[in-house]
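Here is a short tour for anyone who likes rings and helices. Please have a look at the model first, and then read on.

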Amino acid sequence: METTIQVIKEEEEEEESVAELVVGAKEEHPYAFHVSGPRNLATLNWRDLINSTWKDGNYKRTVIACFIQAVYLLELDRQENRTQESALAPNWWIPFKYKLTQTLIDERDGSIFGAILEWDRSAAMADLILMRPSGAPRAVLALRGTLLKSPTMRRDIEDDLRFFAWESLKGSCRFKLALEVLKSASDSYGGSNVCVAGHSLGAGFALQVGKALAKEGVYVETHLFNPPSVSLAMSLRNIGEKAESAWKKLKSMLPSSGEESPAGDEGDINKNLGFKSWIPRLSSFKNSGFGVGKWVPHLYVNNSDYICCSYTDPDGSAERSGGGGDKENVAPPGNGQVAAKLFVVSKERQKFHEAHGLEQWWSSDAELQQAIHSSKLISRQLKSLYSSATSSQVTQAKPR
């Protein structure tokens, strides 16, 4: 009898423990770090002083993507009034020995769109990490993308449309604040110790504030996840380029007029010769070294994501290499294009929310290829780096 009672009690206790596990599973938030965060992540320890995991491109990409996810969650924590104990965001930076030092607030709606995360020396010391690992930035400016939730959706989409219409985010208050914060961090720690990163719309801001600093000679490490590439302005330019090319072909097919003006021809020839004589000079100015090799943004794109896939369109021949290579996406010498590193994930039959999602960039099964080709869109985005360097040179070299 006693044995039977004991067995019944054990079965009841087992059922209660199973019920508790089920309830606990229901309460776990899908955005909790231990639920949706990276798996098999190396733990920082004193060995990092000798062989830093931050030197591994996959590790760095994972951590930076987690920092951006933390910014998304900072805003969601704010919207859902989570307490410090129940907040989801901190667990996305604490394992990497970083701390939150500043949040970037959109003055239009009070939403959090960015954050500064700095190396947490005291937390590192507690784990006997006496020095910041080589390759780990002192400060990271992380910028989120669009959140389709009512408190911030209106302003997010407003900036999305700003980019779509003009391919520029400089008119947004977010651009101004992000640039100020990035400048301040660079002044405090030096550009080589600072990183800026963003996802989707945030990648658009990160690209443009990073480029603005590069024009001033400050080169910060830049990581862009699913950066927007589709814009009305770009489409109109492409249409204009195609129309111009078609007109030139049509003009070459038309018969030349029998009545030609020598003076006119001579003037046209002189104009053409004058224009052609400028081409090598302009090329030499563009390749004078301004910005090349000093600011090299890292772009992470997915071929199934129509928002960023245009970055993989080559301008000329293209080739691919396995991930982990150190070659830069540099155009052949002499054509005035600048450098960038382009990493591409290509999977068939991916839904848009998967192809555009941030989670893929810390996924353990992420298969990246580093694309090595001349990208017209990358050149277009970065070519303004040369404008300030060439304008004075062109003026000085003007023929007399």
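## A stacked aromatic pair

Tyr306 has a relative accessible area of 53%, so Tyr306 is exposed. Phe352, at 32%, is partly exposed. Here buried means under 20% relative accessible area, exposed over 50% and partly exposed in between, with a 1.4 Å probe and protein chains only.

The two rings have their centres 4.7 Å apart and their planes at 20°, so the pair is stacked. Rings of Phe, Tyr and Trp (its six-membered ring) pair if their centres lie within 6.5 Å; planes under 30 degrees apart are stacked, over 60 edge-to-face and the rest tilted. Tyr306 sits in the loop between strand 6 (298–302) and strand 7 (314–322), while Phe352 belongs to helix 10 (residues 352–355), 46 residues apart.

## About the model

This is a predicted model, in which local features need pLDDT of at least 70 and side-chain atom pairs count only at pLDDT 80 or more, while totals for chains, interfaces and linings use all residues. Residues are numbered from 1 along each chain as its sequence is written, and side-chain values use heavy atoms, leaving out hydrogens and water.

## Aromatic pairs overall

Across the whole structure, a search finds 13 aromatic pairs. One aromatic cluster is formed by Phe33, Trp54, Tyr59, Phe67, Trp92, Phe96, Tyr98, Trp119 and Trp362.

Helix 5 (residues 150–166) packs against helix 7 (residues 201–215) at an angle of about 55°, with the axes 10 Å apart. Contact (heavy atoms within 4.5 Å) involves Asp156, Asp159, Asp160 and Phe163 of helix 5 and Leu201, Phe205 and Gln208 of helix 7.

How values were computed: Axes fitted to C-alpha atoms, helices over the stretch in contact; angles between N-to-C directions. Helix = DSSP H or I, 4+ residues; strand = E, 2+ residues; numbered from the N terminus.
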